[in-house]
Structures are given as structure tokens and as C-alpha cells.
Amino acid sequence: QIGFNNAPAVANNPEAQVWGQFNTGDYVEIRCYPYLADGIMPVTTIKYRYEMMIEGTYTSMAYKPPYRQYLTTPEALSDMFMSLQSQVDRLNERHLGLPIINLGGKANQAVAADGTYTVPYVFIDKNRKQSGYATISWQGDSSKDFLKKSLKFKTFKDSAGKQKQKWQPTPTFYKSHSFTLKGYYNDKYGFRDSVSAAIQARFVMNNPTVPKELLAANNFGSIQSYPVLLYVDGQFYGLMQLNTKSSSDLWNIDEDNPNQIAMEANGKANKTGALWTHEQISVGENGDFALNSDNDTNAQVNAQKLDTFLVTSTDDDFKAHLDEYVDVNSICDYIIFNFYVNNCDAFKAKNTNYLTYDGNRWYMIGYDFDASLGNSWEAGKIIPADDQSAIEHNEINLLKRIIKLMPEKILARLNDLERNNVFDISTLTKLIDTKANQIGTGAYLLDENRWGNNSEYSIDISIDDIKAMLVTRKALLRKYVEGLQPK
């Protein structure tokens, strides 16, 4: 109830009153005067200021139509905040122009502790308001230790989480009910992941041997990000990126075809089989490789065939027959791309995905690039532009063998990519400009006001430094690849 000055009865209870005032130039203010049996009338004042922060103490009971009494304040305030989102949205659009997501219910518990919760949510952008329920939990590995959390975000039509609510946050996304809300506490700009993903997409679209299914996949099988402002029970939590995630939808995998498989090196379980060093591997939950596609009928058998060749083949057999098992261009691209963006997570048993659309020939592709372009998986740590430690400590046997036995393939692929202007600096720096300007200074300042008191959040290089890194690493990449060639 916005825009009134009287104190009308709430829920047909004349002793439970709400007073509100809407000041379009400053803030929305709501005061609740709930009736308590002992006659105490505590006051709860909530102010939505222009920066969308909430002030006040929430210590009283409240009543809310339709004629229902809440016994706990958090539940009452949660519903109140959810119902006020259309007003909050007007303030948000006036100042920042970004979509918002508000999580209600037990969302405060969800961001404070590692568990799974289903909560009501509202998503609002300039021309749309959508509500439903979201199952949320912490997302990531080392990022779970960050103060600002990333969240798994799955949307449903019902509170039981049974009816999937598939939608497109933006027209370039595929339709899904499963996303991630990335906090990027280790990247205060929040664009390194999506910019590097856009660069990887340029590699895929310029690979003449790419499978037709991957060529037709969303963003060429690389994630996309959409900046949003996240509120938890109406209180600003942070600037987030709503991302597509590793799934059959991302890579255009047909779930009805048992030979179409997407699997990821399982760094979470510290499984060294994902480095292609063991004659036997396991695929599935807690295996060497985790499945990112749902049909597991032939996954173990087909992955084992690949492993047997990679581990047991002689050097001559490896060189002669590797392309029958794995798209060699994709392996070269993986090395070249991850060296170029200096992805410090790329050369471990983690974030490396293997796709097959026929069960026989695999395609190597990366995922999760927040630790790139000068960034580290550790918050507050910057990786220098001339750093080569990631590839120097490469642990993936497949990459070791192709670097040692087939360096001319890597050089030939680099020459092809350069001829096709994949490393065109003006194009790549525009990716950074577009993303940074889409987020906007206001949103960055809002997030900094929320999290900037933590030194590990504040440490970063400038956006211009990130652009300069693209130039530096292009020359460094050429030097590295040429240095692999036989003398």
C-alpha cells in the first residue's frame, strides 16, 4: 500500500495498522504497527533509499492480507518485500537500469549456509515481471569460501519444486529452468568469465572440423552472462551475473541419443583418472568424470574406449590415430585459447569438458573462465600478463602428449586462427567495453558499497590493464607455440 497518509486497518484487525508514504524523489518508507497481546506497539521502519539499501530493525509481528497472521517476523517481511517489488523496480530502473531478482522465504538462510532451499522469487526487468519459486544452494568449489556467494538457481512454478519453469532471461539464452547466479567475488568487474567464453566461441565457430551439433549450440557451446541485482528479502545482496550452465542444453546434446555425451573432469573428487593417466576410468557421480548430460547408457563404455587409446597407445599410434578419437583442432584450440586468456584453472583435472555426438569421436572444450585475464581462483590475487605458470604446470596427459609429439599441429592451428582474425584486438576489447558498459558504473558502485570493505574484493587491475593484457598475451602466445617446435 503505497501513496497514502492515513492508517487503515490491516487484515480486518483495527489494532494492526500500516502507515506508508511514497516520496518519489527519495525513498519508499513503510512502517508497521502490529498489535501484540501485551499491548506493546513496536515500530518497524523500512526505507528503500535510492541506492536500494534497506535500513531498520525487524523485531515485531505483522499482519498481512488475506487475513492471515504471521507468527514470525521474517516470514511477514519476506512476503511484504515480495509484494513491493514493482515499486522497488521503478527506483531501480531510474538509477541503474538493470534487472533485479528478489529472493524471499528462507533465502537469508540459503546465502548464509551451504544447503538447498526452495524460496519464492521475483524477476523484474524493463518490460517483464515474473514470479515463481527457486531452488537455491551455494555454487562452486573454492568460491564457497568467499564472503559473497554464488548460487545454483533453478526455477519452478510450484513451491514443491516439481513443475519446472523454463524461461529466457534474455533472447540470446536458451530456454531453461536451471542457471547459476555468479557473485564473482574474485572478479569485481564480473565480466572475465563471459568475455573469455565469447573468445572461446570465436575458436569454435572458426574450427572447420567442429561437429554440426556444436556449431548450432547456444553461443557455440560457451556460457553467457546477464547482469542482475540480487536482493534477499528485499535487502541488496550484490551485483550478480545470471549465467547459462554446463548442460545438454548448452552443448546441444540430444538426451534421447545414448551416444551423445557431455562429461567433465571431476576436480571436485580429486580424481586423477581425469588426467588420462589410468587404464581404467569411471564416469558418473563421484567418478573421474562427472556427466553433464542426463543419458548415461553408453557413457562409461564410450569414455573407456577413449581412455584406453590415450593411455596405452604408442607414440606412433597416438600421432597416426588421435584424430579418430578426439578432434585434434579442438585439443589445439584448448591449449591456445587457455594460454591466451591465461586461465589458471585450465590445466588440471577440472573444468575440462569432453563432448561426443556419435559416441566415438570427442571434442575438447573449456568451461568456467572466471580465473582468467589476470584473475585467480583466489580472491585478491592478480596473475601478471606475462605469466606462464598454468601451462608450465599442466597435468593433463592428453595435452602433454600432443605438445610433445604434435607441436606442428598447434602451430598450424594458431596460424589458421590468426588468418581468420580470431585474435583481432579491436573486436576483443569491444567485448570488454560492451560488458562493462552493460553493467554500468552505478551497479559497480552499489556492489562496492556492499562488499568493498573487504580488501580481497577491492584488489584488481584496471579495465585498461585487462585490454592491454590481450595484446601482451597475443605476442607471448606466438612465442610459446614457436618455442615448442623442433629445432
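This is a predicted model: local features need pLDDT of at least 70, side-chain atom pairs count only at pLDDT 80 or more; totals for chains, interfaces and linings use all residues.
Residues are numbered from 1 along each chain as its sequence is written, and local features need a pLDDT of at least 70, side-chain atom pairs count only at pLDDT 80 or more, and totals for chains, interfaces and linings use all residues. Side-chain values use heavy atoms, with hydrogens and water left out.

**Overall make-up and confidence**

- The protein averages a pLDDT of 82, and 79% of the residues score at least 70, pLDDT being the predictor's confidence in each residue, from 0 to 100.
- Over residues 1–74, however, the pLDDT is below 50, and this stretch has 150 contacts in the model beyond near neighbours in sequence (a contact means heavy atoms within 4.5 Å).
- The secondary structure comes to 16 helices and 18 strands, which are DSSP runs numbered from the N terminus (helices are H or I with at least four residues, strands are E with at least two).
- Of the 487 residues in the protein, 56% are buried, and among contacts between residues at least 6 apart in sequence, 65% join residues at least 24 apart.

**Cysteines**

- The count of disulfides comes to 0, a disulfide being a pair of cysteine sulfur atoms within 2.5 Å.
- C332 counts as buried because its relative accessibility is 1%.

- β17 (residues 352–356) and β18 run antiparallel and are joined by 5 bridges, and strands are taken to pair if DSSP finds at least two bridges between them.
- Within this pairing, T356 stands opposite W362, while N353 stands opposite I365.
- β17 also runs antiparallel to β15, to which 4 bridges join it, and the bridge partner of M263 in β17 is Y354.
- Because 5 of the 5 residues of β17 are buried, this strand is largely enclosed by the rest of the structure.
- In a regular strand the side chains alternate between the two faces of the sheet.
- Both faces of β17 are covered, with T352, Y354 and T356 buried on one side and N353 and L355 buried on the other.

**Helix α9 and its ends**

- Helix α9 (residues 328–340) has 13 residues and reaches 18 Å from its first C-alpha to its last, close to the 18 Å expected at 1.5 Å a residue, where the expected span is 1.5 Å times one less than the number of residues.
- Since 13 of the 13 residues of α9 are buried, the helix is largely enclosed by the rest of the structure.
- D327 caps the N-terminal end of α9, with a side-chain oxygen 3.1 Å from the backbone nitrogen of N329.
- Just after α9, N342 takes a positive phi of about 55°.

**Loop residues**

- Most residues other than glycine have a negative phi, and most peptide bonds are trans.
- F220, in the loop between α5 and β13, has a positive phi of about 55° although it is not a glycine, and at 24% relative accessibility F220 counts as partly exposed.
- N218 lies in the loop between α5 (212–215) and β13 (225–232) and is buried, with a relative accessible area of 16%.
- The side chain of N218 makes a polar contact of 3.0 Å with the side chain of Q224 (a pair of N or O atoms within 3.5 Å; within protein, one must be able to donate a hydrogen and the other to accept it, and residues adjacent in sequence count only if both atoms are side-chain atoms).
- Not counting residues up to four places away in sequence, N218 touches T172, F173, Y174, Q224, T244 and L250.
- N252, a residue other than glycine with a positive phi near 60°, lies in the loop between α6 (248–251) and β15 (261–265) and is partly exposed, with a relative accessible area of 33%.
- S142, in the loop between β10 (128–138) and β11 (151–156), counts as partly exposed at 25% relative accessibility.
- The C-alpha atoms of S142 and A379 are separated by 9.7 Å, although the two residues are 237 residues apart along the chain.

Technical notes:
Buried means under 20% relative accessible area, exposed over 50%, partly exposed in between (1.4 Å probe, protein chains only).
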